[in-house]
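Here is a short tour of how the inside of this protein is put together. Please keep the sequence and the 3D view open as you read.

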Amino acid sequence: MDELIICSHCDLLLKRPALNHQEIARCPRCQSVLRDRPKSSLPYSLSFSVACLFLMACALYFPILAIEKAGTSHIMYLFQASWGFLEHGYPLLFTIVSSVLFVVPVLILLILIYLLFPMLILKRVWPASLLLSKVLFQLKAWSMIDVFLIATLASLTKLTSIANIEFGLGLWAYLLFAIFLAAALANLNSARFWDYLEKVQCHCKIKQQHHKV
């Protein structure tokens, strides 16, 4: 029996369409998009993820700001954006900011690379891939770096009126990190991912059966 899918807009039950690259399937009743298959979406997602880890390392190593006022200067690093809350007795804010800045984005990237590298390069599936895939798509909704960046830019706009501010390499690296992370997640097509994961799993099972014979 062919696998069935349900339109998320009108609840019409349909057979899952087989798509080629860059094809889109629409619901015959409401014309909403049922499935699409972007070309090379998963390889792009893997490439952006690897680049993101390099950019995060640069953002943590280099200062993000240099503030000068009344003859005194202060250099700020990215980790201080959350560490300051802990120093002043706000552990909850420290946890939230750290999660938004580092923990959730880096965890998403590590899971993405763990899943996509063996699937695309080695044509195999590593242990716990199914569980991590579910975790990945849950965490994807909690990526809120764009919210932090908007708040940061708003704060910097006010600070420029009372002090001299120079943007460091760390800030530019983190801005690129946010853009590349958004690109990695945008190219992570869920339907394509699950189809490819199933395809690789079937390939591995057939290969194992041949080895046993």
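Let's begin with Phe 193, which counts as buried, with 0% relative accessibility. Bear in mind as you look at it that this is a predicted model.

A search of the whole structure turns up 11 aromatic pairs. One of them joins Phe 117 and Trp 126, whose rings sit 6.1 Å apart, centre to centre, in a tilted arrangement with 50° between the planes.

## An aromatic cluster

Tyr 114, Phe 117 and Trp 126 form one aromatic cluster. How accessible are Phe 117 and Trp 126? Phe 117 has 32% relative accessibility and counts as partly exposed. Trp 126, at 26%, counts as partly exposed too.

## The largest nonpolar core

In soluble globular proteins, nonpolar side chains tend to be buried together. Here, the largest nonpolar core has 43 residues, and the members that touch the most others are Tyr 174, Phe 177 and Phe 193. Two or more residues each come from α1 (41–61), α3 (91–122), α4, α5 (145–159), α6 (169–186) and α7. Which element gives the most to this core? That is α3, with 13 residues.

Setting aside neighbours within four places in sequence, Tyr 174 is in contact with Met 56, Ala 59, Leu 78, Val 100, Leu 101, Ile 145, Phe 148 and Leu 149. There is also a second, separate core of six residues, including Ile 5, Cys 10, Leu 12 and Leu 14.

## How α1 meets α6

Now turn the model to find α1 and α6. Their axes come within 8 Å and cross at roughly 160°. Because of that angle, α1 is roughly antiparallel to α6. The crossing of these two helices is left-handed.

Which residues make the contact between α1 and α6? On the α1 side, they include Phe 48, Cys 52, Leu 55, Met 56 and Ala 59. Among those on the α6 side are Gly 170, Ala 173, Tyr 174, Phe 177 and Leu 181.

Technical notes. Residues are numbered from 1 along each chain as its sequence is written. This is a predicted model: local features need pLDDT of at least 70, side-chain atom pairs count only at pLDDT 80 or more; totals for chains, interfaces and linings use all residues. Side-chain values use heavy atoms; hydrogens and water are left out. Rings of Phe, Tyr and Trp (its six-membered ring) pair if their centres lie within 6.5 Å; planes under 30 degrees apart count as stacked, over 60 as edge-to-face and the rest as tilted. Buried means under 20% relative accessible area, exposed over 50%, partly exposed in between (1.4 Å probe, protein chains only). A nonpolar core is a set of buried Ala, Val, Leu, Ile, Met, Phe, Trp, Tyr and Cys residues joined through side-chain atoms within 4.5 Å. Helices (H or I, at least four residues) and strands (E, at least two) are DSSP runs, numbered from the N terminus. Contact means heavy atoms within 4.5 Å. Axes are lines fitted to C-alpha atoms, for helices over the stretch in contact, and angles run from 0 to 180 degrees between N-to-C directions. Angles under 35 degrees count as roughly parallel, over 145 as roughly antiparallel, 65 to 115 as roughly perpendicular and the rest as oblique. A crossing is left-handed if the near helix is turned anticlockwise from the far one by less than a right angle, and right-handed if clockwise.
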